[in-house]
Amino acid sequence: MKRMAIVGNHALSYGALLSRVQVIAAYPITPQTQVVELLSEMCADGTLKAEFVKVESEHSAMAAVMGASASGARAFTATSSQGLALMHEVLHWVTGARLPVVMGNINRAFGPPWSIWTEQTDSLSQRDTGWMQIYAQDNQEVLDSVILAYKVSEQVLLPTMVVLDAFFLSHTSEPVEIPDQEMVDEFLPPYENKYILNPDDPHAFGGLTNPEWYMELRYKIHKAHEEALQLIEKEGREFEKLFGRYYGLVDPYRVDDADTILVAVSTAASTARYAVDLLRERGKKVGLLRIRVFRPFPYERVKEILSGAKKVIVLDRNLSPGAGGIIASEVRGALANVKNHPPVFSYIMGLGGRDITTKNIMELFEEVEKMEEGKDIIWKGVKI
Amino acid sequence: MIEIRFHGRGGQGTVVASKILADALTREGKFIQAFPEFGVERRGAPVAAFARISDTKIWPRHKIYEPDHIVILDPTLIGAVPLLDGLKPGGWILVNTTKKPSQLGFPKEFKVATVDATHIALKYRLGSAASPIVNTAMVGAFARVIPVVKLETLLDAIEEGVPIKPKENRAAAEEAYNSVIMEG
């Protein structure tokens, strides 16, 4: 184990290196570029024995890793925002073909107008592609999540997106423990799949499927997501035994006796944890529920933790125009069948990389303290 | 937790300076977050970078609005950019300048340190005569004024972290460490 100061983008690269990925295809886009810069250097100098495929677009990048994965290789790519949107068609195909591709996505707001800064709308708008989605809150979690993603993906045959905030992680240098290769090898065995593209053993894949059977295949994808709910926590505990760090579906903090619980993802959740400590020092009974895995959505865990609260605040750094916060929509859904569930206060803030400060988050708790009825949407900090 | 803001101009190595600092503190087992002002950097334009330093894990993840200390890599920024915004009373202002601290006229509530990093950078031929790269000299001076990291650790991090002229950068940092003038 070596402790190094690295940026979040390079944490993705090291995660791919340690997972011994065999094929990488990627197209550069700000703020993801450093991920593939380092991986291409690693491939060029022999540190990583992988095929690096240069492509002319993100659609081709995803198509290339799809083909690689179908032929039995462990495949990796990374992108951001418009690049992810361009992959959209192939994302669905990768899931349907049950290929355990892992990709990094650096959250970046969509244009127009052009923005390079963070918000979660790019990855959350891929919600229904069937990809599992993990949202990291620090660079260590970025690296570890790549390894964990392959471990789970290759068992349930579903792809995973490891998601991190532009700049607040992607370009922030901080200490990361780089695990020893032998220990990662012990945790993550080579990828094996008996159904692969192989000219010596030809099969047909993905052909026309009549209405009699299509639905069953969709059912199996959903069942695989349900299986992943269990597996993510199980593998998280296995990972903890070897590396001393646990990652689950959710990350609750000081929720046991909390009257008000804030739900957040990514770096906003990290800041919120600090805000919760400051408010606790003032005697406020507040807690934090960080959603780490957005797909499969951990409805049961969310219900367990939030049902006992008097009020629930959801911080969404994303927007589904015409509906509101995407995480809030899931949280309300999770609570819908809970009797006498707490009111939900849905905040939209920090779009396009606008800073979410400790003070801002403390204000959310203070504002909600004065409100009784839940609110479907509250805009925080809009200047018009 | 100590929060520091760096002010420089694009091309002076402000971001690399914060990365070297991150590396050095990581080597000593400490926690640090070092990050640039997120934007599209242009040569000569004012830029900022931030660092949080702690003995334990750091949770807040946003820009620093109330720094404990500030580091100014380019004296021409004084008067051009609101450098002292949010600076906590009693904090250090470390400036690259030929002047002495008392000649800069900063408010008395702050402590001021100066170092002629431009002269040091030119002496070791870091960057060009028109655009010297002062970052390593400035982090050397920083290590003296704000003693969060051992000089030797920092010098090793510099030698391994700079893209070119490792020995010269190391020497520049050491000279700045030894020549910084502190008042307050």
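**Entry 1: the chain A–chain B interface**

I take a salt bridge to be a side-chain nitrogen of Lys or Arg within 4 Å of a carboxyl oxygen of Asp or Glu. With that in hand I looked up B:K57 and A:D138, and I note that they form a salt bridge between the two chains, the closest N and O atoms being 2.7 Å apart. I am working from a predicted model, and I keep that in mind for every distance written below.

I then asked how many salt bridges there are between chain A and chain B. The count is two, and beside it I find twelve residue pairs in polar contact between chain A and chain B, both residues of a pair being at pLDDT 80 or more.

By residue class, the side of chain A that touches chain B divides into eleven nonpolar, ten polar and five charged residues.

For the extent of the interface, I record that 26 residues of chain A are in contact with 24 residues of chain B. The size of an interface is often given as the accessible area lost when the parts come together. Here chain A and chain B bury about 2100 Å² between them, and 58% of that area is on carbon and sulfur atoms.

**Entry 2: a salt bridge within chain A**

I looked at one in chain A, where the side chains of A:E141 and A:R290 meet in a salt bridge at 3.1 Å, N to O. This pair links distant parts of the chain, since A:E141 is in helix α6 (residues 139-156) and A:R290 is in strand β11 (residues 286-291), 149 residues apart. Are these two residues buried or exposed? Both A:E141 and A:R290 are buried.

**Entry 3: salt bridges within chain B**

In chain B I looked up B:E160 and B:R27, whose side chains meet in a salt bridge at 3.0 Å, N to O. Here too distant parts of the chain are linked, with B:E160 in helix α4 (residues 151-161) and B:R27 in helix α1 (residues 14-27), 133 residues apart. I note B:E160 as exposed, because its relative accessible area is 60%, whereas B:R27 is partly exposed at 36%.

The side chains of B:D68 and B:K88 also meet in a salt bridge, at 3.4 Å, N to O. B:D68 lies in the loop between β3 (46-54) and β4 (69-72) of chain B, and B:K88 in the loop between β4 and β5 (92-96), so the pair ties together parts that are 20 residues apart in sequence. B:D68 counts as buried because its relative accessibility is 18%, while B:K88, at 32%, is partly exposed.

I also find a network of salt bridges in chain B that links B:E152, B:D156, B:E159, B:K167 and B:R170.

**Entry 4: B:T153**

Last I looked up B:T153, which is found in helix α4 of chain B. Why does B:T153 count as buried? Its relative accessibility is 15%, and buried means under 20%. Leaving aside its neighbours within four places in sequence, B:T153 is in contact with B:A24, B:R27 and B:E28. With B:E28 I record a polar contact, side chain to side chain, at 2.7 Å.

Note on methods
Residues numbered from 1 in each chain as written. Chains lettered and ligands numbered in written order. Predicted model: local features only at pLDDT ≥ 70, side-chain atom pairs only at ≥ 80, totals over all residues. Heavy atoms only, no water. Contact = heavy atoms within 4.5 Å. Buried area = accessible area lost by both parts, 1.4 Å probe. Polar contact = N/O pair within 3.5 Å; in protein donor to acceptor, adjacent residues only side chain to side chain. Nonpolar A, V, L, I, M, F, W, Y, C, P; charged D, E, K, R; others polar. Helix = DSSP H or I, 4+ residues; strand = E, 2+ residues; numbered from the N terminus. Buried < 20%, exposed > 50% of the residue type's maximum accessible area, 1.4 Å probe, protein only.
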